[in-house]
Amino acid sequence: FPSHETDGGDAPTYQWMINDSNVGGNSPTFETTDLANGDVVNVVMTSNAAGCLSTSQGTSNSLTMTVNTTVYAGVSVSSDVVDNSICPGTNLTFTANPSNGGSTPSYQWKLNGTEVGTDSTTYANNTLSNGDVVTVTMTSNAICVVSPTVTSEDAVVTVNTPTSYTSLTAGADTICSTDTTTLTVNGLTGTNAIVSWYLGTDTNGTYLQDGLTYDAAPGTYFASVYGTCGDPTGEAITINAYGDAVGGTVSSDQTICPGRTPASISVADNTGSVQKWQKDTDSSFSSPTDINVTTTTLTGATIGALSTTTYFRAVIDNGGCSTAYSSYATISMGGTSTWNGSAWDNTPDGTSSLVFEGNFTSTGDVNACSCTVNSGAVVMSSTDDMFLSGPLTVNGGSMTFNNNSYLLQSDPTVTN
């Protein structure tokens, strides 16, 4: 504290006082580091000036001390979003929160250590990346601040991944009415991505469960996909149920020569697929034999030569859920027609086995499975041909083919 004396003479003396107690030395100035808030400082001067003085001592005015407390500056950063967690493209605003910043603190913002922004209490950015670090350095102009320049702790940015998925699939599109199949949302990505399943075509249906998969019975289901970022999305999928198998109809009945191969047979108007074919010599199929053919046509080559009446049917399976039998086709053996010398006991046709027991002269072509001559003279007239699939056997009597009459046999392996 400096003193400013009047009429002090050439060697005045000084007594400094704090709260009316003597301090310091005989000096026109006084220094101290022990002042407290509210202390009163003054000085008493004793003059040695010559002349007429009313008094030799003078007391100065009093100074009341204001001692400010030492303060520490600080600054923190907050944002307008909890935990600085945002979606891509979101404008995030950071705010500096000063402590003992004084009346006009200054600010320097930094993004990943690089200076950004302005000398402002806020900083905003809409192009932030995941893991970006924002800080602010404040310079305080507060009185008695220990360290005026301080830097905040890191504000770490989390940029969440938008929710998306690639496809919705089912283990099977059609199943048995009592079975289930697994529905799966594939390729799900995104922060806090969730799949919620509903019965129906949208989220207005009955809620079922959350998860990537759902075991579904026949019906329509909706997979709702949502997460922290991105609009909710999803799609519906329908699982169908197999109906009852329908056996259909096999066509058609045939009559063939014994030991010969029939034509192919086919099943139609069935619901489901052919699991196998069956054959039996009993039309009730009491002891059927399986034929491992799964096509709708059973070829003659597969059937092979038959010597007795045989029945064929298809076994129809619909998705492994139900089985049905088709109608059956009957492949019969041709009968025997016997000529007694004047008449046939059964009118012959191309599936008949001919037996001659008397004289016979043709009046046209003859078609038969086989021909056996036991007695009589059998004559094929000129230009009349005999067509056989089997052998010609002469046990007695005779067999004559006149000029331009031919024996034609479809099986080159038969022995006459």
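## Disulfides

This predicted model holds 3 disulfides, each a pair of cysteine sulfur atoms within 2.5 Å. Counted along the chain, the bonded cysteines follow the pattern 1-3, 2-5, 4-6.

Let's start with Cys87 and Cys229, whose sulfur atoms are 2.0 Å apart. The torsion about their S-S bond is about -100°, so the disulfide is left-handed. Cys229 is buried at 2% relative accessible area, while Cys87 is partly exposed at 22%; buried means under 20%, exposed over 50%, and partly exposed in between, with a 1.4 Å probe and protein chains only.

In the link of Cys257 and Cys369 the sulfur atoms are 1.8 Å apart, and with -85° about the S-S bond this link is left-handed. Cys257 is buried at 8%, and Cys369 is buried at 4%. Cys371 is in no disulfide, the nearest cysteine sulfur being that of Cys369, 12 Å away.

## Aromatic rings

Rings of Phe, Tyr and Trp (its six-membered ring) pair if their centres lie within 6.5 Å; planes under 30 degrees apart count as stacked, over 60 as edge-to-face and the rest as tilted. The count comes to 14 aromatic pairs. For Phe1 and Phe30, the centres are 6.1 Å apart and the planes at 15°, so the pair is stacked. Elsewhere, ring pairs link Trp339, Trp344, Phe356 and Phe360 into a cluster.

## How to read the values

Residues are numbered from 1 along each chain as its sequence is written. In this predicted model, local features need pLDDT of at least 70, side-chain atom pairs count only at pLDDT 80 or more, and totals for chains, interfaces and linings use all residues, while side-chain values use heavy atoms, leaving out hydrogens and water.
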